[in-house]
Amino acid sequence: MATDFPVDQAINPLLQALKAHGRAILEAPPGAGKSTRVPLALLDSEWGQRGKILMLEPRRVAARSVATFMASQRGEAVGQSVGYRTRTDTRVSARTHLEVATEGVLTRMLLNDPELPGVSLVIFDEFHERSLNADLGLALILEASEAFRPDLGLLVMSATLDCGPLETLLQAPVVRSEGQSYPVSVAYAPVPARQDWRNHCAEQVMSLIGDAGVMLVFLPGQSDMRRVASQLNQRSCPVPVVTLHGGLSLDKQQRVIALAASEPHLIVLTTNVAETSLTIEGVTHVVDSGFAREPVYDAARHRTRLVTRRISEANARQRSGRAGRLGPGHSLRLWGEADVLARYQLPEIQRVGLDRLVLDLARWGCHEPQQMPWLDAPPQAAWDSAVERLQRGGALDDSGSLTARGEAIARLPVDPALALLLIAAKEAGLAEPAARLVAVLSERDILAGEGVDLRRRLEALENHPQRFATVLAEAKRLNAGNDQASQGWRDGMGGLLASVFALQISRRRSGSRGRYQMADGPGLFLHDNDSLQGTEWLLVMDTDGQPRDARIRLAWPLTDEEIESVLEQHGRWREHIGWDTEKQRVTGRRERVLGNLVLQSQTLASLDSEQQIAGLLAGIRSLGLAVLPWEAHWRQWQARIQRLSAIQPDAGWPDVSDAGLMASLEEWLAPYLAGMRSVADLKKLPLGAALSSLLSVDQQRHLKQWMPETVTIPTGRSVRLDYTGEHVVLAAKLQELFGLQALPPLADGALAITVHLLTPAGRPAAITDNLARFWAENYAAVRKDLRGRYPKHPWPEDPLQAIPTAVTKKRQARNDAS
């Protein structure tokens with residue numbers, strides 16, 4: 001075990017910075033020793049003498065491991081001068097002056113007493129992970145320091161983070177430890193097309209066995225570990241293979257770490273807990289899948305869940321660095337060198353549900369996110385969505401303040417939705433089984449790969465209490481203080497779950513045994529061999545998180561009686577007016593719905609005028625404006641206004657583009673639809689009157705003046721202008737324009753008319769937007785080309801002195817004689 005750590009050289013500057021400013025930021029790479037050396041040095045400094053030092057870790061595994069290691073360095077058992085506190089496990093005593101806790105513990109401590117009595121210094125470790133609890137805890141600490149505890153010390157420690165914004169927020173100096181690492185060569189082995197990346201990973205691990213000491217293989221989750229381990233076993237891997245993840249007990253984690261220190265050759269399949277939270281000795285090679293499991297809010301299913309995502313550049317650097325602590329190492333990345341990764345991991349506050357954060361801040365007295373000093377503020381849309389859900393659940397009142405129910409929810413250390421279940425279960429006499437179910441839902445699936453039926457999980461807890469002692473202990477803690485005897489869960493739990501999570505009820509699609517539609521979400525499906533295949537109703541509690549056709553992971557079957565009971569509480573009747581695409585007419589139905597599920601439907605015998613109009617507008621939106629009885633004149637009217645609006649953007653012209661008209665159907669079209677119900681009826685629509693209603697009297701006058709429908713040419717004929725193309729076009733026979741030097745400008749001179757000069761047969765002869773120049777420069781060539789083909793028509797040498805005409809020379813002579 002190393003006795004000197006790279007971070008040691010930064011400890012004195014750090015102590016001086018804290019003494020001078022009361023706050024500091026320590027930047028040190030993974031493996032520098034910051035998580036263990038710095039807290040112990042602070043414990044032996046004046047900070048340890050003033051009171052307790054509280055150090056925060058993003059994971060329980062890190063809190064337990066770091067505290068245990070530091071206690072061993074002092075020759076003590078954990079729980080004496082150094083202890084730890086997590087949601088599920090605590091080892092502290094009256095002697096404890098350095099307490100390592102998970103970040104959520106700090107939030108609860110501050111909400112209970114914002115003065116943090118007895119605490120001299122708060123340390124945020126691994127802050128670069130940017131967990132939601134770390135960002136919230138930091139914001140609360142800054143407020144508490146300003147209002148109650150100006151003497152409270154604050155240290156933020158990070159491995160890879162752009163410290164500039166943090167330095168600005170804290171107004172604190174940055175102390176850097178460069179660390180001590182050896183060069184790590186990086187190679188790339190992208191996954192071949194049509195190959196499972198886990199099989200590819202196993203192949204690459206086997207190729208490195210001859211050169212590696214301890215090999216760290218970073219994988220996103222336990223199922224991936226099992227798959228890779230199985231592949232290695234099939235390939236007769238000669239090196240021991242172990243797994244390391246946050247779900248292991250502290251003893252099992254320590255055994256893996258000890259094995260790595262003693263075995264010359266070892267393969268450790270791990271999640272990102274080995275990226276920063278735990279240090280593994282003897283690592284010479286790293287194989288990086290490039291994936292990690294991250295919490296992301298699934299809005300369609302109303303809960304935050306873990307999904308597999310690409311890591312960031314910062315994550316990749318940290319993982320590679322694990323191979324360079326003892327000597328030159330090697331990192332193999334299972335993606336292409338040209339692949340682009342995000343620079344840093346997106347903070348949790350930007351990607352997870354904010355229900356717990358909103359609830360905690362309501363307890364703090366904050367009703368708007370702008371009131372807090374954030375490093376990255378929560379997105380307003382996510383905040384508003386969380387407020388809406390909490391108000392719907394009765395946790396917040398209309399002003400955003402906590403209700404009595406909200407107070408009870410906020411004090412339960414689980415997701416607010418699960419807290420609602422615990423409260424409802426107590427009222428229903430099902431507190432104990434509900435606490436067990438919440439414990440199951442709060443952790444990794446205890447029966448992964450054994451079907452989705454949640455009832456089997458509760459039965460497993462009853463039948464194998466020793467195997468699931470940790471889950472049962474958590475359930476007991478959640479149900480602490482409740483002496484009420486619980487009734488049998490088999491009869492009442494389905495109805496309870498359905499009443500609390502009504503919008504997660506899913507109904508089997510017609511004609512399918514395993515496809516479902518959630519009341520307030522997308523389609524779902526069950527694995528083909530699942531025991532719940534064919535069940536009509538399911539209460540879905542977990543899926544694989546796919547945005548479409550998500551696979552159900554945990555569900556509870558419901559009876560028709562339980563559904564009927566839920567409908568009495570959460571169902572509603574609605575009148576649905578819509579458009580029958582087959583019959584091309586308005587239809588109306590009275591429907592009983594639960595969320596988006598239609599459970600009963602009855603045809604409405606009659607519709608009132610407003611319903612008919614609403615249905616017809618829906619049909620027009622479905623079919624498009626082409627279904628209306630357009631005439632060419634009104635399409636020209638539309639184009640004239642669009643051109644004038646472009647020239648005069650501030651003149652208040654209405655948006656008469658197809659998109660604009662479609663968006664404002666209620667304004668201009670609805671008043672003219674009375675008595676109509678079908679496409680056939682629309683043929684009688686006075687479309688011109690409806691469109692004209694969009695213009696005021698003055699606008700109609702200005703439209704006629706600035707964008708006239710017609711222009712009179714020298715023959716006296718009134719010619720319609722075409723406004724629908726790229727240019728405004730007047731098309732006339734060349735001879736009709738003899739003597740005309742220019743056409744009138746449009747829009748007070750802002751727009752010119754383009755003339756399409758036609759042959760006597762009506763074919764294009766020339767195009768110009770400057771008649772005078774055409775006569776002077778181009779007419780002679782056109783005359784030479786066409787007078788032989790059209791000898792009966794006049795082709796004078798001087799067109800400006802000629803008489804305009806649309807007829808032949810002979811006809812013109814007769815007209816002149818008469």
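Predicted model: local features only at pLDDT ≥ 70, side-chain atom pairs only at ≥ 80, totals over all residues.
**Exercise 1. Which parts of the chain does the salt bridge between D196 and R227 link?**

Step 1. The closest N and O atoms of D196 and R227 are 3.5 Å apart.

Step 2. D196 sits in the loop between β9 (184–188) and α8 (197–208), and R227 in helix α9 (residues 222–234); the pair links distant parts of the chain, 31 residues apart. Helices (H or I, at least four residues) and strands (E, at least two) are DSSP runs, numbered from the N terminus.

Step 3. Both ends are partly exposed: D196 has a relative accessible area of 23%, and R227 has 29% relative accessibility.

Step 4. R60, R87, E443, E474 and R477 are linked in a network of them.

**Exercise 2. Where does R194 lie, and what is its phi?**

Step 1. R194 is in the loop between β9 and α8.

Step 2. Its phi is near 65°, a positive value in a residue other than glycine. Most residues other than glycine have a negative phi.

Step 3. R194 counts as exposed because its relative accessibility is 86%.

Step 4. Q584 also has a positive phi, near 55°. Q584 lies in the loop between β22 (572–580) and β23 (585–594), and is partly exposed with a relative accessible area of 26%.

**Exercise 3. What does D125 touch, and which side chain of opposite charge is nearest?**

Step 1. D125 is placed in the loop between β6 (119–124) and α6 (132–147).

Step 2. D125 is buried and has no salt bridge; K34, the nearest side chain of opposite charge, is 4.9 Å away. Lys and Arg count as positive and Asp and Glu as negative, while His and the chain ends are not counted.

Step 3. The side chain of D125 does make a polar contact, at 2.5 Å, with the side chain of S35. A polar contact is a pair of N or O atoms within 3.5 Å; within protein, one must be able to donate a hydrogen and the other to accept it, and residues adjacent in sequence count only if both atoms are side-chain atoms.

Step 4. Leaving aside neighbours within four places in sequence, the contacts of D125 include K34, S35, M55 and E103. Contact means heavy atoms within 4.5 Å.

**Exercise 4. How much area do domain 1 and domain 3 bury between them, and which residues of domain 1 lose the most?**

Step 1. Domain 1 covers 7–176 and domain 3 covers 347–411; the bounds come from an automatic or database domain assignment.

Step 2. The two domains bury about 1,700 Å², with 72% of it on carbon and sulfur atoms. In domain 1, L111, R130 and L132 lose the most area to domain 3, together 38% of what that side buries. Buried area is the accessible area (1.4 Å probe) that two parts lose on being put together, summed over both.

Step 3. In contact terms, 19 residues of domain 1 meet 18 residues of domain 3.

Step 4. Between the domains there is one salt bridge and there are four residue pairs in polar contact (both at pLDDT 80 or more). α6 gives the most to the side of domain 1 that touches domain 3, with eight residues.

Step 5. R130 forms a salt bridge with D376, at 2.7 Å between the closest N and O atoms. R130 also forms one with D135, again at 2.7 Å, and both D135 and R130 are buried.

Key
Residues numbered from 1 in each chain as written. Heavy atoms only, no water. Buried < 20%, exposed > 50% of the residue type's maximum accessible area, 1.4 Å probe, protein only. Salt bridge = Lys/Arg side-chain N within 4 Å of Asp/Glu carboxyl O.
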